[in-house]
Amino acid sequence: MRRAGLRTRVSAGFAAGALALSTSIALASYQLTRSSLLAERERTAVRAAYFDAVIVQSGLAGERPDIIEVLRSLDTGGNRRAVLRRDGVWYARNIDAGVTTGIPASMQELVAAGTPAVQRIRVDGQPAVAVGVPLSPTTAFYEVDSLQELEETLGTVALVLTAVAVITAAGGAVIGWHVTRYVLRPLRSVSDAAEEITAGDLTARLDPATEPDLARLTTSFNHMVDQLSRRLERDRRFAADVSHELRSPLQTLAAAASVLDRRREHLDDRTRTATTLITDEIARFQALVNDLLELARSDQPADRAPVAVAELARQVCRGRGLPEELVQATGPGTWLVDRRRVEQLLGNLLDNAVRHGGGPCAVRLAAGDDGYRVEVDDEGPGIDPQDREVIFDRFVRGRGANARGGSDGTGLGLALVAQHAAAHGGRVVVDDRPGGGARFRVELRGPRC
């Protein structure tokens with residue numbers, strides 16, 4: 001599984017921290033509230049029990065008191081129930097007869113020994129607090145106060161505190177998400193600038209005034225880009241200067257080789273073979289120099305103008321002896337692109353298909369709302385998956401090309417295709433063609449005509 005992103009992890013940390021804190025506060029608040037309410041309820045129950053015990057003791061002062069009537073005279077309300085044990089016999093109101101079964105035997109023994117007692121019990125499955133008051137060596141008064149209402153209140157409090165903890169955790173996650181969005185903003189700026197540089201825009205820089213706390217990172221990044229830009233410019237100038245200086249001697253060599261080639265029939269076999277090798281290598285050397293010059297100029301912005309790309313593609317096919325029927329165009333036929341770059345792009349893809357792909361079988365042109373697309377299909381064995389990224393680097397040939405003896409290329413054709421695509425704000429990729437072969441797809445960004 002992919003590891004979660006930094007923003008997700010920080011947000012989860014905020015949420016977990018908020019949940020832990022809110023849960024701790026909720027538990028502490030619940031325990032404190034529960035202890036306080038139960039203690040207060042027990043004190044109230046004890047006061048009421050002693051008050052009712054005084055009334056009962058006064059009612060039992062006669063010779064033959066009616067114990068049931070004495071108990072019924074108590075104002076216990078709907079929550080309290082009173083019972084009396086005298087000479088081993090239990091007395092209670094009719095509706096309270098079952099309450100005696102909930103009073104623990106240990107509590108009865110303690111009260112019978114003359115010690116008042118308070119204990120939390122359950123009567124008929126409901127929580128209650130029992131208070132036992134000894135009235136005489138043979139008489140004990142018990143009052144049971146229901147805690148059902150208090151338990152419901154505590155349940156509501158627990159539910160509210162749980163909801164507060166969950167809401168606090170969600171709020172922590174939201175805060176974490178927004179905080180990380182602010183914190184990661186400088187990193188997004190670095191990422192955007194790096195993507196622009198990767199796309200070929202070496203003018204992209206970071207503003208040191210945007211994030212003063214990251215001034216060192218910003219300065220280092222801009223310095224790195226400046227160094228990279230200067231180095232690339234030196235390399236470009238070197239390639240351009242060397243290629244330019246080589247053109248004159250190469251033209252002289254080509255002229256001399258053409259003279260020898262025209263006199264081929266007057267030469268012996270060994271000299272004729274040597275002449276052929278020299279002529280071929282000079283032609284290959286000239287192609288390499290021309291490609292190097294083109295690469296040196298490829299960093300310049302695209303010179304866009306309206307171009308009838310379908311007709312241009314047919315011209316490129318005719319120039320290489322390929323049928324015009326290969327070209328299939330959809331959408332508007334006029335594109336706002338650099339004619340020279342698109343022409344060389346198409347030519348290099350077709351040459352690559354002829355040289356390494358068994359010949360092209362389709363050239364598709366399509367224009368959309370956000371740019372243009374060029375696809376060239378061939379009938380070869382396809383591109384090895386390990387080569388699909390590196391074949392667009394300079395002086396790189398795929399394993400298949402090397403295995404087929406494809407040493408006549410310069411290794412710069414597809415690199416130029418990638419450079420021309422980047423000059424239009426696009427890219428080039430290669431995939432397998434349905435039915436076999438390779439499909440080179442060039443995406444060019446830009447406005448429509």
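Biologist: Is Cys317 buried or exposed?
Modeller: Cys317 is buried, at 1% relative accessible area. Cys361 is partly exposed, at 24%. Buried means under 20% relative accessible area, exposed over 50%, and partly exposed in between (1.4 Å probe, protein chains only).

Biologist: What is this based on?
Modeller: This is a predicted model, where local features need pLDDT of at least 70 and side-chain atom pairs pLDDT 80 or more, while totals for chains, interfaces and linings use all residues. Residues are numbered from 1 along each chain as its sequence is written, and side-chain values use heavy atoms, without hydrogens and water.

Biologist: Next, the backbone. Which residue has a positive phi although it is not a glycine?
Modeller: Asp87, with a phi of about 55 degrees.

Biologist: Where does Asp87 lie?
Modeller: Asp87 is in the loop between strand 1 (80–86) and strand 2 (89–92); strands are DSSP runs of E, at least two residues, and helices runs of H or I, at least four, numbered from the N terminus. Asp87 is exposed, with a relative accessible area of 56%.

Biologist: And helix 4, where does Ile175 lie?
Modeller: Ile175 lies in helix 4.
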